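Here is a brisk tour for a first look. Keep the sequence and the 3D view side by side as you read.

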Amino acid sequence: MLLRTNRDTLLSPLAAVCGVVERRHTLPILSHALLEADGERLNITVSDLEIQLECQRPLQTGHPFRLCVPARKLLDILRALPAGCELQLHNQGRQLLLHAAGSRFQLQTLPADDFPLWAADKETPISLELKQNLLKRKLDQILYAMAGSDIRPYLNALLLQLDGDALSLIASDGVRLAFQRYPLPQALAERKLLLPRKAALELSKLLQDQDQPLRLELGARQLACRLNNTTLRCKLVDARAPDYLRLLPDSHDCELSLPRQAMLEAVQRVAVLAHAKFRQLELAIRPGQLALRCRNAEREEAEEKLPLDWQGEPLEASFNLAYLQDVLQSQQAEQLRFGFGHGMRGLLITSPDEPDFRYLAMPLRG
């Protein structure tokens, strides 16, 4: 017998790493998880050749072993079993036998030596110690602004920029930009790294809302994040990011302070009649009011008006509906500041509760 343990003991680390496993894979080994035991600890490692995620747990095993098992199949089996039931794992040639709660499962395995483990980055990395809860909050406020499949690789990534005594976090899809800043205890040499979209999202999922440290190791070609008993490694995007910060406007023709929840609810209501394809939200600022309007191809229209303490010149602009919803949902502040400009200067949203946060959305043309 390879292992006897509680179902939850194995489910927790496997669930933590399985997000990296691709559902559609070109190499069979990439759909597998590498299980390694030395008698006192169990390591579970998965990889898609761009990201490697390893989770370690203290676990007494009968003897050391290494084998590759189908990751998602094993995860689905564990989730289907009763909570707290006892598991027994047996190795039978090229198969893994799992006995639990009167059920028996037989899974095909692959040789452990075929698993593509990474070599460590030879260059000494820059090491940062950050707080999990603070980094998680800042990432959750900006990650939605990354592109998903743009031909420009630097847009499908999160920019990590060392700026002296701070780590700047910047996400952009080319039409909008979200910025946060994590203060550092000491100044470091300036440096820019591009963290792939999938790795940034996996990192955010791993972070917990607790005041515990994590360690970021920024290498020349790789980034490693070590937290609790989990290590995430990823290859950095080989591209040069533009100077995003110069895009942020210094002044506005109109500055408003609006209740976030009321604005979000108004956007959600008018979105019911938004165009299915273009998803355009029209904003019209008039003395004393802000009008939000959506229209669709059937010539239907929805309009909502919010009161304003504004007596300046009228201003109109149209934006992607999702771009407003995303930022309003990601923030928790009661009030947000909106800076508008004439022409194509964009909409800048800031938060009094998050002084380092910036969100810039460019208007739709025409």
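Residues 24 or more positions apart make up 64% of the contacts in the protein with a separation of 6 or more, a contact being heavy atoms within 4.5 Å. The model is predicted: local features need pLDDT of at least 70, side-chain atom pairs count only at pLDDT 80 or more, and totals for chains, interfaces and linings use all residues. Residues are numbered from 1 along each chain as its sequence is written, and side-chain values use heavy atoms, with hydrogens and water left out.

**Overall build**

The protein has six helices and 22 strands. Helices (H or I, at least four residues) and strands (E, at least two) are DSSP runs, numbered from the N terminus. The C-alpha trace spans about 80 × 50 × 35 Å along its principal axes. Of the 366 residues, 50% are buried. Buried means under 20% relative accessible area, exposed over 50%, and partly exposed in between, with a 1.4 Å probe and protein chains only.

**Helix α2**

Helix α2 covers residues 71-80, and Ala71, Leu74, Leu75, Ile77 and Leu78 are buried in it. They sit on the same side of α2 because they cover an arc of only 160° around the axis. That arc is taken from the directions from the helix axis to the C-beta atoms. On the other side of α2, Lys73, Arg79 and Ala80 are exposed. The cover over the buried residues of α2 includes α1 (7-17), β2 (32-37) and β5 (65-70). It also includes β6 (86-92), β7 (95-100) and β8 (103-108).

Strand β16 (residues 280-286) is mostly covered, with five of its seven residues buried. Two strands pair if DSSP finds at least two bridges between them.

| Partner of β16 | Bridges | Direction |
|---|---|---|
| β19 (residues 315-320) | six bridges | antiparallel |
| β17 (residues 289-295) | five bridges | antiparallel |

Ile285 has Leu315 as its bridge partner in β19. Leu283 stands opposite Leu292 in β17. The hairpin of β16 and β17 has two residues between the strands, and Gly288 there takes a positive phi near 90°.

**Two single residues**

Thr45 lies in strand β3 (residues 41-47). Its relative accessibility is 1%, so Thr45 counts as buried.

Gln210 lies in the loop between α4 (197-206) and β12 (213-218). Its relative accessibility is 27%, so Gln210 counts as partly exposed. Leaving aside neighbours within four places in sequence, Gln210 is in contact with Gln132 and Asn133. Gln210 and Gly19 are 191 residues apart in sequence and 22 Å apart in space, C-alpha to C-alpha.

**The cavity**

Rolling a probe the size of a water molecule over the atoms shows where empty space is left. On a 1 Å grid over the protein atoms alone, a cavity is a set of points where a 1.4 Å probe fits but cannot get out, and lining residues have an atom within 4 Å of a point. The count comes to one cavity of 30 Å³ or more. About 50 Å³ of space lies in the largest cavity, a volume being the space filled by probe spheres set on the points, which are joined across faces, edges and corners.

Which residues line the largest cavity? They are Leu135, Leu139, Leu158, Leu160, Leu167, Leu169, Leu195, Leu203, Leu216 and Leu223. The lining divides into 10 nonpolar, no polar and no charged residues. Ala, Val, Leu, Ile, Met, Phe, Trp, Tyr, Cys and Pro count as nonpolar, Asp, Glu, Lys and Arg as charged, and the others, Gly among them, as polar. α3 (132-140) and β10 (157-172) each supply at least two residues of the lining. β10 gives the most, with four residues.

Methods: 1 Å grid on protein atoms, 1.4 Å probe; cavity = no way out; pocket = protein on both sides within 12 Å on 5 of 7 lines; lining within 4 Å.
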